[in-house]
Amino acid sequence: MIMGEQKPLEVILGMLAPYDKIVLAGCHGCVTVCRAGGAKEVEILASSLRLAREAEGRPLEIKEVTLERQCDPEYLEPMRPYLEDYQAVLSIACGAGIQFVAEKYTSTVVLPGLDTTFIGVTEKQGLWVERCQACGDCVLHLTGGICPVARCSKSLFNGPCGGTTTDGRCEVDKEIPCGWMMIIERLRSLNQLENYRKNLPMKSWKTSRDGGPRRIAREDLME
Amino acid sequence: MKTASRLERVFDEGHFAVTTECGPPRGSDPEVIRKKGELLRGSVDAINVTDNQTSVVRMASIASCAILKEMGLEPIVQMVTRDRNRISLQSDILGAAGLGLNAILCLSGDHQTFGDDPDAKNVFDIDSIQLIELVKMMRDEGKFPSGKEIQGPPNLFIGAACNPFAEPFEIRPIRLAKKVDAGVQFIQTQCIYNLDRFEKFMDEVRKLGLHEQVKILAGVTPLKSAGMAKFMKKNVAGMDIPDDVIQRMADTPKEEQAAKGIEICVESIERLRKVEGVAGAHIMAIEWEKMVPVIAEKAGLLPRPDISVPSD
């Protein structure tokens, strides 16, 4: 899922300083699962903002809403009837959702309440970890299902570098397991170490962000 | 094809090679690098110049190498993929050769979070093994990766690093084999303090026949003090300093520890020299370049062979 983390309250309050009537928009998609931008977080954030602004003597009126998804046009429509009664939308969806709100409502100020962080998994309750950098050209079949782009701090294709610690961690941070150490262990257990023996060639990053904003056009699905 | 590298010639003539490294200044004064070069003259066959090591900004390796070259010394340009994409790498490879440099060390580079600019965006468009392949392709095929022809291919002797002490140990000889496949011609290893383990590593290297395909220079770094030894063991990943080495330093009075460090370094070189497949020593005296001639002398590595490299 796409992971996000709410911005610090004081940063959000700073962005909201010019306004006294806003829509706070959550999303039922990924950010609900990672507990950063769903209905519950909308409720909690709204209360915190109201309290803080009351303490300042400048009450903030907040309309709370959580959309099915902010990255699909039809789910953005429910906001249209009341949007012009408010001065700004504070969205706590991912960066795609926030932008799509801004794109659909061109005369509305849209503010980010969330920092979008990565594509990751729930390793255990309360712990989410990056797994994919959406490079657009998957090599997981060669690397035992462990991604060298996302899991190696240097995105090496022929690792590991000399910076693996004695307990198999990355020298960058002891919380990061060495991606290449994991790849090698996994290849060994799958009896696929010969995959490692071959040098992987220079990657084309054209399919990654380096090729500019990406698009997928499926004519079979277009009306 | 042979390069004009003095180091390559030293190997070809069957000598035990000696290289060292010097760190460029954190400023633009060329005298700093000239002084270091002068200290090293006659004691080594070639001098590496580091490329923003530990991600701390210093004078460019290529520029520093050009200064050493002007002095009639033989530099090895270190090049990391951390800061350059393949466009910049190709351009710098041509530039290095254009300045008359004869050897390159292909590295991925220390992660930028260790340096003064942890907020920098890293590049890592390619890795060190792919950089070896890139230099080899440009030199031997006279082509860029794009397939376009190079007017005047860069004739560089190709090196890389190897850390026999980083986990996973059993994979390190295989990773060296990958570098050999890529076309590396010489290897400079991480500093060796655990000689037993290095000898085991070399057993594996010989089993794979790699010592016959690549010249391996054993890396050594003299310890200045017991404190430095402890610090390196604790803080540098992939640095294996056995307790008995640290004990020897710690048992020595403080004012004599530097001399003890030199003594241990010289002993290491003498033992490493006997390991089959070790073709040279790479003496990394970090900000202590003046000790390199002393170590070379005590280890019986002087005088260096008089190699007359033909001018092109």
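## Close-up views of a sheet and a pocket

**View 1. Pairing of Lys124(A) with strand β7(A).** Lys124(A) has its bridge partner in β7(A), namely Leu127(A). The model shown here and in the following views is a predicted one. Strand β6 of chain A, which covers residues 114–124, is joined to β7(A) by five bridges, and the two strands run antiparallel.

**View 2. The open sheet of chain A that contains β6 and β7.** Three strands of chain A make up this open sheet, in the order β1-β6-β7, with antiparallel pairing. Its edge strands are β1 (2–6) and β7 of chain A, each of which pairs on one side only. With direction ignored, neighbouring strands of the sheet are turned against each other by 70° on average. Strands of a sheet pair through backbone hydrogen bonds, in either a parallel or an antiparallel manner.

**View 3. The second largest pocket and the elements that line it.** The volume of the second largest pocket is about 1100 Å³. At least two residues of its lining are supplied by each of β7 (127–132), α7 (148–151) and β9 (173–177) of chain A, and likewise by α4 (86–98) of chain B. The most is given by β9(A), which contributes four residues to this lining.

**View 4. Residues around the centre of the second largest pocket.** The pocket is lined by 31 residues, and those that lie nearest its centre are Gln133(A), Val149(A), Cys152(A), Ser153(A) and Ser155(A).

How values were computed: Residues numbered from 1 in each chain as written. Chains lettered and ligands numbered in written order. Predicted model: local features only at pLDDT ≥ 70, side-chain atom pairs only at ≥ 80, totals over all residues. Heavy atoms only, no water. 1 Å grid on protein atoms, 1.4 Å probe; cavity = no way out; pocket = protein on both sides within 12 Å on 5 of 7 lines; lining within 4 Å. Points joined across faces, edges and corners; volume = space filled by probe spheres on them. Pairing = 2+ DSSP bridges. Axes fitted to C-alpha atoms, helices over the stretch in contact; angles between N-to-C directions.
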